[in-house]
Amino acid sequence: MTLSRYEALERHLAQLNIHYLSYQHVPLANCDAAKEIGLERDGTGLKNLFLRDNYGKRHFLVITRAEKQLDLKTLSKQQGVSRLGFCSSERLAKYLQVRPGCVSALATFNDTENHVELWLDSELEDAKQWQCHPFENDKTWVLQLADLKVFWQRSGHTPHWVSLPVR
C-alpha cells in the first residue's frame with residue numbers, strides 16, 4: 001500500500017514525536033480569506049511566499065506574519081540575490097508539490113533534493129506556535145516552532161532568519 005503525501009507527512013511527524021492541533025475549514029486562497037470569514041485558530045497566522053531569483057536558479061520559501069507586506073526589491077538587495085519574483089504554479093508543483101494557496105513550512109517535506117532555501121522572518125523567532133497547511137488549504141495544523149526546527153533539521157532545510165523589509 002502506497003501512502004499519499006499527506007499520510008506520509010502524518011507518519012513522518014509521528015516518527016519525530018511531533019504533535020499538532022488540527023483544524024478543518026473551508027479552503028483558504030490566502031491569509032486574508034481567513035480574516036474575512038472570521039476563522040479563529042491558535043498560533044501565529046503566516047504568509048508563505050515561494051520566490052525565485054531573476055535567473056530561476058535559486059528558490060526561496062519566505063515565511064512572515066500574515067499581515068506583513070514585504071518589499072521584494074529591498075530584500076533582493078539586502079540578501080545579494082538578483083531580482084526576486086514569485087514562482088509560477090509549475091515551479092511550485094515541481095519543487096514543493098503543492099498548489100497555489102497551499103504553501104507552508106510543511107511543504108519543505110516534499111523538497112527532498114533541497115532545491116528550496118528557507119528564509120524566516122526574524123520577527124517570528126518569538127512566535128511559539130505556527131499555523132501551517134498540510135499540503136491542502138482546507139486544513140490548518142498548528143505546530144510548535146521547536147518542533148518545526150526538528151522537522152527542518154531532519155529534512156536538511158536550514159532556516160535562515162532574516163530581517164524582512166516592509167513596503
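**Exercise 1. What does Arg58 count as by relative accessibility, and which residue forms a salt bridge with Arg58?**

Step 1. Arg58 comes out partly exposed, at 31% relative accessibility (buried is under 20% relative accessible area, exposed over 50%, partly exposed in between, with a 1.4 Å probe and protein chains only). Before going on: this is a predicted model, where local features need pLDDT of at least 70 and side-chain atom pairs pLDDT 80 or more, while totals for chains, interfaces and linings use all residues. Residues are numbered from 1 along each chain as its sequence is written, and side-chain values use heavy atoms, leaving out hydrogens and water.

Step 2. The partner is Glu117, with the closest N and O atoms 2.8 Å apart. That passes the salt-bridge rule (Lys or Arg side-chain nitrogen within 4 Å of an Asp or Glu carboxyl oxygen).

Step 3. Now place the two residues. Glu117 sits in strand E5 (residues 116-121), and Arg58 in the loop between strand E2 (46-52) and strand E3 (59-65), so this pair links distant parts of the chain, 59 residues apart (strands E of at least two residues and helices H or I of at least four are DSSP runs, numbered from the N terminus).

Step 4. Check the other end: Glu117 is partly exposed too, with a relative accessible area of 23%.

**Exercise 2. How many salt bridges are there in the model, and which residues are linked in a network?**

Step 1. The count is 5 salt bridges.

Step 2. Take Glu123 and Lys68, whose closest N and O atoms are 3.1 Å apart. Glu123 is in the loop between E5 and strand E6 (129-132), whereas Lys68 is in the loop between E3 and helix H3 (72-79), 55 residues away in the chain.

Step 3. Bring in Asp121, and you have the network: Lys68, Asp121 and Glu123.

Step 4. Glu136 and Arg99 make another salt bridge, at 2.5 Å between the closest N and O atoms. Glu136 lies in the loop between E6 and strand E7 (139-144) and Arg99 in the loop between helix H4 (89-95) and E5, so parts 37 residues apart in sequence get tied together. Both residues are partly exposed, Glu136 at 29% and Arg99 at 46%.

**Exercise 3. Which strands pair with E7?**

Step 1. Strand E1 (residues 21-24) runs antiparallel to E7, joined by 4 bridges (strands pair if DSSP finds at least two bridges between them). Find Ser22 and you'll see its bridge partner in E7, Trp141.

Step 2. E6 also pairs with E7 in the antiparallel sense, over 4 bridges. Here Gln131 has Val142 as its bridge partner.

Step 3. Follow the chain from E6 to E7: they form a hairpin with 6 residues between them, and Phe135 in the turn has a positive phi of about 75°.

Step 4. Of the 6 residues of E7, 5 are buried, so the rest of the structure largely encloses this strand.
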